[in-house]
Amino acid sequence: MLRPIAALLVGVFVTMAGSGSLGTAVSLRLEAAELPRPVIGFVMSAYFAGLTLGSLLAYRVVLRVGHIRAFTAFASVVSAVTLLYPLLPPPLAWVPLRLAEGFCMAGIFICVESWLNDHAGPASRGRILAAYMICLYLGQASGQVLLALDWSNDGMRVFLLVSVLISVAVLPVALTRMPPPALPEVASFPARRLWVASPLGVVGTVASGLVLGSVYALGPVFARDAAGFEAQGAALFMGVLITGGVLLQWPLGRLSDAFDRRRVIVATLALLVVAALLVASAAEGGGVALLGSAAFFGGVAFALYPLCAAHTNDHLARDERVAASGGLVLAYSSGATAGPLLTSAVMMALGGWGLFLFAALVGLLGLVFAAWRLFARAPVPAERQGAFQPLPGTTPTAAPLDPRTSLPATGRGA
């Protein structure tokens with residue numbers, strides 16, 4: 001089943017290995033320049049702004065020139081942008097670089113996800129989506145190894161290797177014999193309709209974006225500032241956190257299939273608060289305690305988005321699910337764009353550990369809202385809930401990969 005798309009999955013893995021380490025390298029480089037935290041947050045948030053714009057607009061490039069040419073063009077721009085970082089002075093010159101990087105990464109995701117959709121039948125969607133997510137997360141986590149290399153010459157070697165990885169990622173896609181697919185139809189879904197269907201799903205998705213966008217952008221700064229890690233230690237911290245992101249998704253998801261999903265979301269938000277406070281409190285000691293709490297935090301934080309997506313799907317008709325999933329991706333991206341901006345202000349006032357205090361605050365506010373929703377409307381009976389499915393918060397094009405889009409609706413209300 002996976003053999004026809006093996007080239008795509010290899011390309012995804014190599015691309016994410018480069019892109020994941022690039023975000024950490026840029027964050028560390030900005031921190032080493034002793035720039036104010038709000039400036040770092042602004043530069044880092046530009047990536048997520050570009051990702052959001054790319055999710056909405058990059059498909060036009062794909063339609064005009066085709067998937068292989070578009071993938072090659074997008075990857076080439078990311079590779080070139082990577083080489084420009086050490087050549088241009090931060091911070092203002094880096095804002096358009098981050099914006100272009102995010103836009104082109106969205107284009108890469110659209111190319112890959114539409115190809116995967118073309119090869120995914122009703123019986124294979126779940127397995128293809130699982131393989132895709134493993135490549136995404138494993139690539140991000142393993143790419144942090146590049147940061148363990150020598151940082152002489154202002155880290156130029158790291159940027160060179162990232163550029164090499166992104167360039168090499170083009171090869172398996174450019175040489176594939178697979179016919180180009182059509183872009184899947186992902187109709188727009190009114191924000192008001194999404195809110196009426198599931199207020200908790202929308203709030204939880206935005207909260208997930210706020211937290212994960214902040215951690216991706218400023219986690220390396222926290223590791224250097226609050227924990228006192230060198231670049232290699234910061235890379236290890238990010239790698240452990242991302243790896244932890246896959247540990248709790250299935251256990252929490254299975255619990256949400258058996259019980260009122262809203263209660264599992266409440267428990268997840270409560271665990272998010274606890275995990276964030278554990279990371280903040282373990283920062284000074286560092287070592288195993290900090291890495292263990294980071295893995296726990298990643299497991300909880302990464303589970304929030306797919307749980308909220310599953311809860312939203314429980315209240316939609318089958319023909320609404322693809323469009324609604326696309327709307328949730330954009331809600332997540334909006335939160336991820338705002339997160340670094342808000343978090344950097346907190347870190348400016350409280351220091352590096354303000355990152356996880358901000359995450360705890362977001363989790364607490366989400367927890368209060370989720371607890372209120374428990375009493376606002378009756379739950380969907382457990383036997384009528386749809387099955388949990390991990391999802392990436394990449395672009396709306398990934399939505400048709402969700403196996404639940406071919407299943408009948410199970411309930412109404414929110």
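**Grounds for the labels**

Modeller: The model is predicted. To begin with the largest cavity, 29 residues line it, and Met16, Phe48, Gln140, Tyr216 and Tyr332 lie nearest its centre.

Biologist: What makes this space a cavity, and how many cavities are there?

Modeller: A cavity is a set of points where a 1.4 Å probe fits but cannot get out. By this rule there are three cavities of 30 Å³ or more. The largest cavity holds about 500 Å³ of space.

Biologist: Which helices supply at least two residues each to the lining of the largest cavity?

Modeller: They are helix 1 (6-32), helix 2 (37-57), helix 5 (94-119), helix 6 (125-143), helix 9 (199-225), helix 10 (231-244) and helix 13 (287-313). Helix 1 gives the most, with five residues.

Biologist: How does the lining of the largest cavity divide into nonpolar, polar and charged residues?

Modeller: There are 19 nonpolar, eight polar and two charged residues in that lining. Among the residues nearest the centre, Met16, Phe48, Tyr216 and Tyr332 belong to types that count as nonpolar, Tyr included. Gln140 falls among the others and therefore counts as polar.

Biologist: What is the volume of the second largest pocket, and why is a space of that kind called a pocket?

Modeller: The second largest pocket has about 270 Å³ of space. Its lining has 13 residues, and those closest to its centre are Ala130, Met133, Ile134, Tyr137 and Val246. The word pocket is used because the set of points is open, with protein on both sides within 12 Å along at least five of seven lines.

Biologist: Where does the lining of the second largest pocket come from?

Modeller: Helix 6, helix 10 and helix 11 (249-258) each supply at least two residues. Helix 6 has the largest share, six residues. By class, this lining has 10 nonpolar and three polar residues, and no charged ones.

Biologist: Why is helix 6 called roughly antiparallel to helix 10?

Modeller: Their packing angle is about 165 degrees, and their axes are 8 Å apart. An angle over 145 degrees counts as roughly antiparallel, so helix 6 is roughly antiparallel to helix 10. The crossing of these two helices is left-handed.

Biologist: Which residues of helix 6 and helix 10 meet?

Modeller: From helix 6 come Tyr137, Gln140 and Ala141, and from helix 10 come Gly239, Ile242 and Thr243. Contact here means heavy atoms within 4.5 Å. The contact residues of helix 6 and helix 10 are three nonpolar and three polar, with no charged ones.

Biologist: How do you know the arrangement of helix 2 and helix 14?

Modeller: Helix 2 and helix 14 (residues 321-350) pack at about 175 degrees, with axes 8 Å apart. That angle is over the 145 degree cut-off, so helix 2 is roughly antiparallel to helix 14. The contact includes Gly41, Phe48 and Thr52 of helix 2, and Ser333, Thr337 and Leu341 of helix 14. By class, the residues of this contact are 11 nonpolar, eight polar and one charged.

Biologist: Why is helix 9 called oblique to helix 14?

Modeller: The angle between helix 9 and helix 14 is about 45 degrees, and their axes are 6 Å apart. Roughly parallel needs an angle under 35 degrees and roughly perpendicular needs 65 to 115, so helix 9 is oblique to helix 14. Their crossing is right-handed. The contact of helix 9 with helix 14 has 15 nonpolar, 10 polar and no charged residues.

Biologist: What is the omega of the bond that joins Pro90 and Pro91?

Modeller: Omega is about 5 degrees, and the peptide bond between Pro90 and Pro91 is cis. Pro91 is in the loop between helix 4 (67-84) and helix 5. Most peptide bonds are trans.

Biologist: What is noted about phi of Glu34, and where does Glu34 lie?

Modeller: Phi of Glu34 is near 60 degrees, a positive value in a residue other than glycine. Most residues other than glycine have a negative phi. Glu34 lies in the loop between helix 1 and helix 2.

Definitions and conventions: Residues are numbered from 1 along each chain as its sequence is written. This is a predicted model: local features need pLDDT of at least 70, side-chain atom pairs count only at pLDDT 80 or more; totals for chains, interfaces and linings use all residues. Side-chain values use heavy atoms; hydrogens and water are left out. On a 1 Å grid over the protein atoms alone, a cavity is a set of points where a 1.4 Å probe fits but cannot get out, and a pocket is an open set with protein on both sides within 12 Å along at least five of seven lines; lining residues have an atom within 4 Å of a point. Grid points are joined across faces, edges and corners, and a volume is the space filled by probe spheres set on the points. Helices (H or I, at least four residues) and strands (E, at least two) are DSSP runs, numbered from the N terminus. Axes are lines fitted to C-alpha atoms, for helices over the stretch in contact, and angles run from 0 to 180 degrees between N-to-C directions. A crossing is left-handed if the near helix is turned anticlockwise from the far one by less than a right angle, and right-handed if clockwise.
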